[in-house]
Amino acid sequence: MAAAFSVARSSCGLINGLRTSLRGLAPLKHGAVAASVPGTGLHRGCRRYSVGHLSVKERVDEKRRAALVGGGQSRIDAQHKRGKLTARERVQLLLDPESFVETDMFVEHRCSDFAMEQDRNKFPGDSVVTGRGRINGRLVYVFSQDFTVFGGSLSGAHAQKICKIMDQAMTVGAPVIGLNDSGGARIQEGVESLAGYADIFLRNVLASGVVPQISLIMGPCAGGAVYSPALTDFTFMVKDTSYLFITGPDVVKSVTNEDVTQEELGGAKTHTSVSGVAHHAFENDVEALLNLREFFNFLPLSNQDPAPIRECHDPSDRLVPSLDTIVPFESTKAYDMLDIIQSIVDERDFFEIMPNYAKNIVVGFARMNGRTVGIVGNQPKVASGCLDINSSVKGARFVRFCDAFNIPIITFVDVPGFLPGTAQEYGGIIRHGAKLLFAFAEATVPKITIITRKAYGGAYDVMSSKHLRGDVNYAWPSAEVAVMGAKGAVQIIFRGKENQAEAEAEYVEKFANPFPAAVRGFVDDIIEPSTTRKKICRDLEVLASKKQVNPWKKHANIPL
Amino acid sequence: MAAHGLPPSLSRLLFAVKYGSLQSRCCALHSKAQYSTVHNPGEKTFDKILIANRGEIACRVRLLDTLINFEHMNSHKMGIQTVAVHSDVDSSAVHAKMADEAVCVGPAPTSKSYLNMDAIMDAIRATGAQAVHPGYGFLSENKEFAKRLAAEGVAFIGPDTHAIQAMGDKIESKLIAKAAKVNTIPGFDGVVETVEEAVKIAQEIGYPVMIKASAGGGGKGMRISWNDEETREGFRFSSQEAASSFGDDRLLIEKYIDNPRHIEIQVLADKHGNALWLNERECSIQRRNQKVVEEAPSTFLDPETRRLMGEQAVQLAKAVQYSSAGTVEFLVDSKKNFYFLEMNTRLQVEHPITECITGLDLVEQMIRVAKGYQLHHKQEDIPINGWAIESRVYDPYKSFGLPSIGRLSQYQEPLNLSNVRVDSGIQEGSDISIYYDPMISKLVTYGATRAEALAKMEDALDNYVIRGVTHNIPLLREIITHPRFISGDISTNFLPEVYPDGFKGHQLEADKRRELLASAAALYITAQLRSQKVLGGLRVSSAPVECNHWELCVELGDGRHAMEVTKSGDVFTVTIGLKQTSLLCSFQLRVLSKLAAELNSYMPEKVPEDTSSILRSPMPGTIVAVSVKPGDTVAAGQEICVIEAMKMQNSLTAVKQAKVKSVHCKPGETVGEGDLLVELE
């Protein structure tokens, strides 16, 4: 009983927790132990009819019962005590009632070292629950790691179960949702466990761009395991109970001598605001799963499907008068791009992705007349809405997701340019900024762009400009499309000229308005801000049948 | 157990409310016969006036589209060009955009813009305005301003400087009133030698009386005495206090008015010695001396009292050679004795209700008078037609006494209803600035009877959409539906009496609560059903759960309500097991499926971070004073700094005793909401 296994790179507390819960296994009535230890009265009876129909059925029932309680009641209680739900409760809450169809309930691990072959160390289904189900009637494949069984550690069998549903999701064309709660590799299995990870990684990569993949981190996820969520399209976390890191605090301490807590190193706050690894964090398991259902409603099932359309109660021709005054007269004054987005989209319903990371760009999903759209907008409220390394990467990844899954992209532009400075240059803003440029340029989904105010310099080109195959490009009357702001431009054009103020006024008159772009056809129209929603809805209707194909290639070479 | 049938297409209804026509401002006019003033187009007044104000009153003076009940109004209908003045933050405000010309008179603080006489005089000269309407507040009762205008030959649309000055001084105005035979509060102010002298004075005044030290401000040390014995006691106490606390022996013995009503008379006078009283306005519903709900006429006055009050008001106006519109405020006791309080020499905030019942356009009359025309109404021409009620919709202070400010993300006035007038100077997208009055609008409803006007008000409040800033509509709705208010049993103590601990929000009655819970449940199911319906061709068929019965758990405040919902056709039937009796008043509802609610019980409670050692700015504003420096030790409740916002100074205090670690602000600095001000150890 004494830790016949261990859990990779988790804290001591975790292992202790497991030991404690292992001890609690014995009194389990219908658990794996009783079910598989010969010699009890029950099983003597079974054996008598071992070839009979009844015996198999009984054994099936017992295995099923065992599978349903995972690592046993005491470990379920321990899980609850940590404020976490069990793997099955999570699946149940995520999916429509009665819709879950489980696969591989009988799969057990195959390890025979370290006494793992003993019956008491075998659990039907092993440490993951897999299957398919429905979210609001729409098909989805799900795996949910079971922390009550060997700390959710990944065995060969565990990996195999995940791979099976991923393969099927690919052939059918339906999203995969992973609910991660795992201590890491099953150390007893050694390289088999590592192989299992690799098998999953490969499928993550092959499925990328074919079906949406979402990871919800609901417990520890450490070591190599982190790369599966990293490869999926969206990584969500649960505050306070989930962690993502390559190496835990103990290893960090021994290698770099840094003192850091689990939460600081890889908690939800860190990954949603500092590292940009996670796309959103939720208060608790229930909140996370209910929100995931809402989020799922935005997504198409696969790259073969159009973006879903929902019944819409918000008139598509609704005017938004408040937009006529939202852009301040002073071009140095900020406003909140979220105000614009929320007032334009259906029912003010905007699911923001990475709301706390690189806040100078806003990305997220919304609906226009019921149709899912991806929204990208510079945020003048933060760092003047400039593009820097983080915001470029954040925007690029979002744009590519939308393009891969047929979701039209609406871009709101108010960008003063790329952020200057050594930190940015040394960090490779050229390379990273190119990602956003690349993403917008290669996207073939409907692209609608609205320049609300500044569109300066190279950043103008990048932000879904006409030149990058924007389908419809609008400018508000407050738009200023120019190489740079008046002050800087005047200093170059009129270097040494006496009256800088006069020159500046001349420049503003000439360039700080939408006309230079409009006369060249770089914007299709200059529109009243209040009519923006109406116009976008109408355009999307037409663009629904847009067909555009990029030249054949094995794959493009985005500047990673 | 209760079953509620809900109307079909509930969700449509909801979204219609949320996103209804935004063009309602321009909705049909409901011109009523009672607005009978006919403007004489031949009567020439001014070519151009400047409106030295902002917000709703500036818009009101202009014309305006908020005044749907008046077909053509004021300066606009009179063919007068208007000039607006605005501060830099108000450059896109409604009042600035509405005027024919707009002049920026300075930065946001009122002392540098709307009170900046030099800048306003410059604006007058630059635009060639011939007259100035000051609105209310700001420069409206500033005799200096009136003088400067007169010096430049610009007409002031208001009374003469003499009247402003006479009525501006509380003591002088009382003396003038007394001389003009206007009832004033009987009283004695001076040195009282003996107890018996005090009793004699009290008997002369008539009980009850109030005794206090003259030097003590406000109600400090005030004693109320109902008989001779109490007077003796009060005398001893007050004279002691007067001597010891103030070193000033003088005592004030005054008639005490119990349960007073605040009723004011609108007067209108011209420069030819004619003066009219335009009936009363009942303004007793007040919160910290701020009027909240006003009505005209008052339920309390009989024609005789009204006439007496009106005549005294006119006497006072004549005594100071008053011209233009003005208001004489009275306190009225439970026996209908009335006493002069003060006179406001300007257009009042609540003037629209008088306009509604008399049909006179007060702004138009003010402009005519300023030009020197005679009033063409006689006293007998002034009717009381129907009943009008005004609710002041404003951004109330947050529970901790601080203003909330923000952007009106959604704003829709209930102008789709007839007999509703909304005076406002904002629109969807406007900012409620920290620099100015937090008023959002004045909502006026009119009816042939009081009951009709009240019903309309209830309707109008329910149809008002304000999002983005907090507002007092729940309180307003509560007041106008309160049995005491409906019966007319009100006084200036109404709010403190009805809400002794402050207004805590609407208290739901059992059946209303059931209705709310049922609606929430039905809306939740409607949203769920909509999510299951994906339009367009599907490659993988959808398999929504066929279901017409749901088990839910609705959280309302701290209460949890299990309920079952069944749907047949478009009708939802909600069955509620009501176990919860206590409730909170904010309607934070959360609907969960039964499963989610069960699992929710495993979710840990989040401990909010300890903020007691961090003082953050609760709102954007200006730091006025910082009372601590690093290293100081502060006690719990000690003032740390003062922040000014929305014309209010708010003192921020320490939550616990601690040493000051660092100070991150200095006086004069502008801070945003949530900015770190002071850190404690």
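The centres of domain 1 and domain 2 of chain A, taken over C-alpha atoms, lie 34 Å apart. The structure is a predicted model, in which local features need pLDDT of at least 70 and side-chain atom pairs count only at pLDDT 80 or more, while totals for chains, interfaces and linings use all residues. Residues are numbered from 1 along each chain as its sequence is written, chains are lettered from A and ligands numbered from 1 in the order in which they are written, and side-chain values use heavy atoms, with hydrogens and water left out.

Domain 1 covers residues 62-297 of chain A, and domain 2 is made of 321-479 + 523-543; these bounds come from an automatic or database domain assignment. Across the boundary, 22 residues of domain 1 of chain A are in contact with 14 residues of domain 2 of chain A, where contact means heavy atoms within 4.5 Å. The two domains of chain A bury about 1400 Å² between them, and 66% of this area is on carbon and sulfur atoms. Buried area here is the accessible area (1.4 Å probe) that two parts lose on being put together, summed over both. On the side of domain 1 of chain A, the residues that lose the most area to domain 2 of chain A are A:F234, A:H279 and A:F295, which together give 32% of what that side buries.

Turning to chain A as a whole, its C-alpha trace spans about 105 × 55 × 45 Å along the principal axes. Chain A holds 22 helices and 18 strands; helices (H or I, at least four residues) and strands (E, at least two) are DSSP runs, numbered from the N terminus. Of the 560 residues in chain A, 56% are buried, with buried meaning under 20% relative accessible area, exposed over 50%, and partly exposed in between (1.4 Å probe, protein chains only). The accessible surface of chain A amounts to about 22800 Å², and carbon and sulfur atoms hold 56% of it. Such areas come from the Shrake-Rupley method with a 1.4 Å probe, and for residues only the protein chains shown count as cover. When contacts in chain A between residues at least 6 apart in sequence are considered, 73% join residues at least 24 apart.

The mean positions of its 63 positive and 61 negative charges are 5 Å apart.

For chain B, the assignment gives 19 helices and 35 strands. Buried residues account for 53% of the 681 residues in chain B. Among the contacts in chain B with a separation of 6 or more, 68% involve residues 24 or more positions apart.

Most residues other than glycine have a negative phi, and most peptide bonds are trans. In chain A, A:D126 has a positive phi near 50 degrees without being a glycine. A:D126 sits in the loop between β1 (101-103) and β2 (128-135) of chain A and is buried at 4% relative accessibility. A:S464, not a glycine either, has a positive phi of about 50 degrees. A:S464 belongs to the loop between α18 (457-462) and β16 (472-475) of chain A, and its relative accessible area of 1% makes it buried.

Chain B contributes cis peptide bonds. The bond from B:Y207 to B:P208 is cis, with omega near -5 degrees, and B:P208 lies in the loop between α9 (195-205) and β8 (209-213) of chain B. The bond from B:A296 to B:P297 is also cis, with omega near -5 degrees; B:P297 is placed in the loop between β13 (290-296) and α11 (303-319) of chain B.

Individual helix positions in chain A complete the picture. A:A434 is part of helix α17 (residues 429-442) of chain A and is partly exposed, with a relative accessible area of 22%. Leaving aside residues up to four places away in sequence, A:A434 touches A:I429 and A:P559. A:E425, in helix α16 (residues 422-427) of chain A, is partly exposed at a relative accessible area of 47%.

Notes:
Lys and Arg count as positive and Asp and Glu as negative; His and the chain ends are not counted. The place of a charge is taken as NZ of Lys, CZ of Arg, CG of Asp or CD of Glu.
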